[in-house]
Structure formats: C-alpha cells, structure tokens
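Here are a few notes to read alongside the model. Have a look at the picture, then go through the points in order.

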Amino acid sequence: MAEPKGKRLKTCLPSCNSHRPLPGAQVRQNYPLEVEESVCGLITFFYELSYRFRALAEIFEQDDVALPRVAGYFHKITEEEEQNAQTLLDYQADRGGHYCPKDIQKPHTLMVRNLLQALEIALDQWKKAASFLEELCTLSKTQEDPHTASFIRKRLLVPKVQQIKVTGDLLTNAKRLGCTDGGESSFGEYLIDHLQEELRTAV
C-alpha cells in the first residue's frame, strides 16, 4: 500500500515529482515518499555533476590547454560524483525505494578555457550539492526518518564540506599565482599543474 502524502515542505531539492513508490516493496519501513522523491532527484543531480566534471577534464586534455594534472583531478572528482550517485542508488534500494532514470542534460562548460573558471564552477556546484544535502537531512528529520538524515550526513555531506575547503584553497592559490578568468591561460596555471599537491596526487 502506498504511503499517504502529508503536507509538503517547501524545499529547493531536485525532487522527482512524478515519482511513485514501488508496490509491494517488502523492505520498506518508515521511508517517507517525500524523502524518496528527493533522493531520486539527488541521484540525477550527482550524475549531472559527474558529466559536467568529465567535460571539464576533457577541456584540460586538449593540446591548446595541456594541463594533464588538472585534467586528472577533474577525472578523479568525476568518479567520486558517480560513486555518490551509486551510493544513493544503493540506499534507495535498501530502503525499498527506486530510481526514475532521467535524460542527463549536456553541461554548459564549452566556454571554459582556464583553470580559474573551472574551479569556480566546481566550487559553485559543490556548494549547491552541500545545500541540497543539508536540506535533505532537515527534511528527513521533519518526516521522522532519522536513518536517512544520519546516512546522508556521514556518507555525503561531511566529505562534500571537505571538498569545498580544498577547492577554495585551490582557487586562492590560483589567484595568488596570477590566474584570471578572462579567457587566457597563464604561467600560474602551469605552476599549479606541476606543484599543487591535490593535483599531483590525483594522477
């Protein structure tokens, strides 16, 4: 039997509005439909995020940009976002929910030609992801689903906050070395590509 829908809270979560619970799910227990819809929406969000980061990685592999360690870093975080989506897929199944596959939109990263622009995109997207995860924790608690709130905080939110800190430090160092977002490359990008620890350990 489908769980009844209560009064919906206003959130900015990328919810799946056409979502319906699987009939006859034996493992389903205290998994509110609104939480399931939001998890479904977040799975798509993380897949879109991985697609965007993969496009950035390919830009830095081009011979007119040629920053291989930067490319390696974006490939690494692409895999991490795909794993985040898989983590939520597994959790959805464990709780008796399901995922509604979506068409992943082409990312708007074709005009990115330098490191500063790419890092600013990454920082903006991760802040958005952290905000979504915090909202999902709040929603879960409001819907009396503490299990989801605890899972999301430990497995996804805490690592995302750490990623934001690392990316903020990379941005600071890029600006300190003279990188700009005006479209041109700089010697600072070459130095970061060769010297920044986070980039050297990504390849």
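1. A word on terms before the helices: axes are lines fitted to C-alpha atoms, for helices over the stretch in contact, and angles run from 0 to 180 degrees between N-to-C directions. Helices (H or I, at least four residues) are DSSP runs numbered from the N terminus. This is a predicted model, where local features need pLDDT of at least 70, side-chain atom pairs count only at pLDDT 80 or more, and totals for chains, interfaces and linings use all residues. Residues are numbered from 1 along each chain as its sequence is written, and side-chain values use heavy atoms, leaving out hydrogens and water.

2. Start with helix α1 (residues 33–61) and α3: their axes come within 11 Å and cross at roughly 170°. That makes α1 roughly antiparallel to α3 (the label covers angles over 145 degrees). Sorted by class, their contact has 19 nonpolar, 3 polar and 3 charged residues. Here Ala, Val, Leu, Ile, Met, Phe, Trp, Tyr, Cys and Pro count as nonpolar, Asp, Glu, Lys and Arg as charged, and the others, Gly among them, as polar.

3. Next, helix α3 (residues 115–142) meets helix α4 (residues 146–176), with axes that come within 9 Å and cross at roughly 160°. These two are therefore roughly antiparallel as well. Their contact has 19 nonpolar, 5 polar and 7 charged residues.

4. Helix α2 (residues 68–94) also pairs with α4: the axes come within 12 Å and cross at roughly 170°. The contact (heavy atoms within 4.5 Å) includes Tyr73, Ile77 and Tyr91 of α2, and Phe151, Ile152 and Leu170 of α4. By class it has 9 nonpolar, 6 polar and 4 charged residues.

5. Finally, do check α4 itself. There is a kink of about 40° centred on Arg153 (the bend is the angle between axes fitted to the seven residues ending there and the seven starting there). Just after α4, Gly178 takes a positive phi of about 95°.

Note on methods: Parallel < 35°, antiparallel > 145°, perpendicular 65-115°, else oblique.
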